[in-house]
Protein chains: 2
Amino acid sequence: MTGFAPLTPPPRLLMGPGPINCYPRVLSAMSTQLVGQYDPVMTGYMNETMALYRTLFNTKNQQTMLIDGTSRAGIEAVLVSAIEPGDKVLVPIFGRFGHLLAEIAERADAEVHTIEVPWGEVFKPEQIEAAIKKVQPKLLAIVQGDTSTTMFQPLEDIGAICEANDVLFYCDATASVGGNPLEVDKWKLDAVSVGLQKCLGGPSGSAPITMSQKFVDVVRTRHHVEAGIRDAHHESARGPKIRSNYFDLGMIMDYWGDERLNHHTEAATMLYCARECAILHLEEGQQNVIARHKVAGDAMLAGVQALGLTPFGDLANKMSNVVGVVIPDGVHGEQVREDLLLRFNIEIGTSFGPLKGKIWRIGTMGYNARQDAVLHTLQSLETVLRKQGMSLPAGAGVDAALAVYSGAMNV
Amino acid sequence: MTGFAPLTPPPRLLMGPGPINCYPRVLSAMSTQLVGQYDPVMTGYMNETMALYRTLFNTKNQQTMLIDGTSRAGIEAVLVSAIEPGDKVLVPIFGRFGHLLAEIAERADAEVHTIEVPWGEVFKPEQIEAAIKKVQPKLLAIVQGDTSTTMFQPLEDIGAICEANDVLFYCDATASVGGNPLEVDKWKLDAVSVGLQKCLGGPSGSAPITMSQKFVDVVRTRHHVEAGIRDAHHESARGPKIRSNYFDLGMIMDYWGDERLNHHTEAATMLYCARECAILHLEEGQQNVIARHKVAGDAMLAGVQALGLTPFGDLANKMSNVVGVVIPDGVHGEQVREDLLLRFNIEIGTSFGPLKGKIWRIGTMGYNARQDAVLHTLQSLETVLRKQGMSLPAGAGVDAALAVYSGAMNV
């Protein structure tokens, strides 16, 4: 069988809501040859990866590891391992990914309760507290940053509310992690799952998670060891089985823990990748990376505003790393995206659900939270919009972005 | 945070039951920069990957794609998408991975029926037919090659039995694919899942699957579109929801199909990898790769026998790509493995369950199904066993392997 060319994708600049371009060092890490899954070198890398993500998550949680799958694999592992059929789960929804949390919890046969705000807004702690008191859920599941709306949900005050009401506090921080603050212990989070393909500058395919002892204790009420590897000293089962083998966090903890009890075969390349993403993040310094995302996001926002475009949603609660831009009347949104992609090799994002066809989403994430990436994108957007017949203040977008960078030259 | 060295793993020669060393071109492919998930270049790569695995699986099945996870993610996707609670599933078990199929089906609340043969044997078609007639299952789930025992289950005659009894025929061919024959259409298989980390010469982390139209029709009775991305033209749901969102093959088909309906974000690096694994396999030629595994496996078998060691199990039904070797009396099995690893950088495998501590498992898979790899392993094993006090015919293992290669010089 012939006719399949080598991989030579065009050099896209990925300025959408993710995935984005990988850091070059992450790409190099992924071409590293394998070692066996129980090789002391490999288990050493696994332990290092746990330590790196503890630091990245700002947690002391022992149970910090990778789920082998995309970010929604991490979500499903957390939810299906915590939820028994009939358990009450509260999901505050402020965008597409809130719906996803509710959907995954429903499939686990939770009794799912949702509260919603319009797309473009977030919740006040009082709204969540009132719903918790009314529903009395076992678990609160919420997204930190929802790329579908670009909104960022403050979490600082929710942990105390959950603790006071004996509710497990879970957050999907896939879209926000790395580019925005995330203080797992300080904010009293019981479980967090993320992905690599946003501000951490890797590809999709590995989902770092962390679990508090309180969360682990819940998972451990449903202990199970597979028949094919069970020894005499293993208790075979305790409590109702978690419905998924692949996402059974008890078994995954036993695989990452001292016993190294066989479960899946760790996706070594994606572990190499996740490890390198975290090293890059911590070498640069968490606060520095967050600041770099802030200035890139501010510059992109200032740029699109200076071009006369309208950003979407409540800007006081926007993620640093993505901005929604209202598609102006008379402009063909998809034609603009296609011109950017095919003429300039720049990708910006479309939208889902109620925002479909109404906004573009422009990201400044990970490796691409860079001045040159912001400037090229604004210049190219201006050119493409002018081609669509719009009258725009020439160079205003780039000038506004440069001004933001001039006021923050150290970033 | 400092102190994390760059990835410089030792150059292990992985001669266990998998994972094994990646083909160099596969490693290179994984360092390729990303494009966006709906970029025509990316959807082109996705379509190419589907076509490549159709050829590799010897099928015309349209629904041939990747599950983003390790090989057991592919197993779980197939089982949880086909099984409704209470459905009868028959699992013939001849090793650890048969137990795994039963375990995953149980967690999906199937009524699981098992038949077993001792580890080291496989089933005769009559045994499976008798069980099918007795149980009348909806689905038969069986492993083709079980690395826990090294056994290879012939499948040629089982498809007709399943068809005659209106049973869906699913096979996990993770350990055997690429190194042994697999004729999906000819053998009337309805679903097959595999992994990359054995004879296909990639890392763990992507699970190619294929589904017949009959299987697809079963999955499609449980259609669902996520709330956050549902448009007016979408029917929201039909039939009982599949219990997993991540493994909902209906949604995964919609993502890989013409509608490109958003589900997970495809793990692009692992897709690059899976694509390259298939290209390498098909460029070399399926029959040539199978023959290369056959001679490497024969040479390794002849080598260990010439050293006076006893192979495990029914040799008439051994997979080409792995041999079990009974650990001789008086030899410390784990010490041998450690010496091989730390002195010779060669990894061979330990065992599970009833075979734990009783056999080593030595693989000759993918990139490592090579004459030099076989010879180095036999030489090193001889040296290490002699160090343990065994008396061995000097050089006999290597000589026997060389003789096998001399008789098959074109491979």
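Trainee: What makes helix 3 of chain B largely enclosed by the rest of the structure?

Mentor: In this predicted model, 12 of the 12 residues of helix 3 of chain B are buried, so the helix is largely enclosed. Buried means under 20% relative accessible area. Among the buried residues are Arg72(B), Glu76(B) and Leu79(B).

Trainee: How do you know that the span of helix 3 of chain B is close to the expected one?

Mentor: Helix 3, residues 71–82, has 12 residues and reaches 17 Å from its first C-alpha to its last. At 1.5 Å a residue, 16 Å is expected.

Trainee: Why is strand 8 of chain B called largely enclosed?

Mentor: Because 5 of the 5 residues of strand 8, residues 168–172, are buried. Leu168(B), Tyr170(B) and Asp172(B) point one way and Phe169(B) and Cys171(B) the other way.

Trainee: How do you know that strand 8 of chain B pairs with strand 5 and with strand 9?

Mentor: Pairing takes at least two bridges. Strands 5 and 8 of chain B have 5 bridges, in the parallel sense, and strands 8 and 9 have 3, also parallel. Tyr170(B) is the bridge partner of Ala141(B), while Cys171(B) is bridged to Val192(B) in strand 9.

Trainee: What makes Cys162(A) count as buried?

Mentor: Its relative accessibility is 1%, against a limit of under 20%. Cys22(A), at 0%, is buried as well.

Terms used: Residues numbered from 1 in each chain as written. Chains lettered and ligands numbered in written order. Predicted model: local features only at pLDDT ≥ 70, side-chain atom pairs only at ≥ 80, totals over all residues. Heavy atoms only, no water. Buried < 20%, exposed > 50% of the residue type's maximum accessible area, 1.4 Å probe, protein only. Helix = DSSP H or I, 4+ residues; strand = E, 2+ residues; numbered from the N terminus. Expected span 1.5 Å × (residues − 1).
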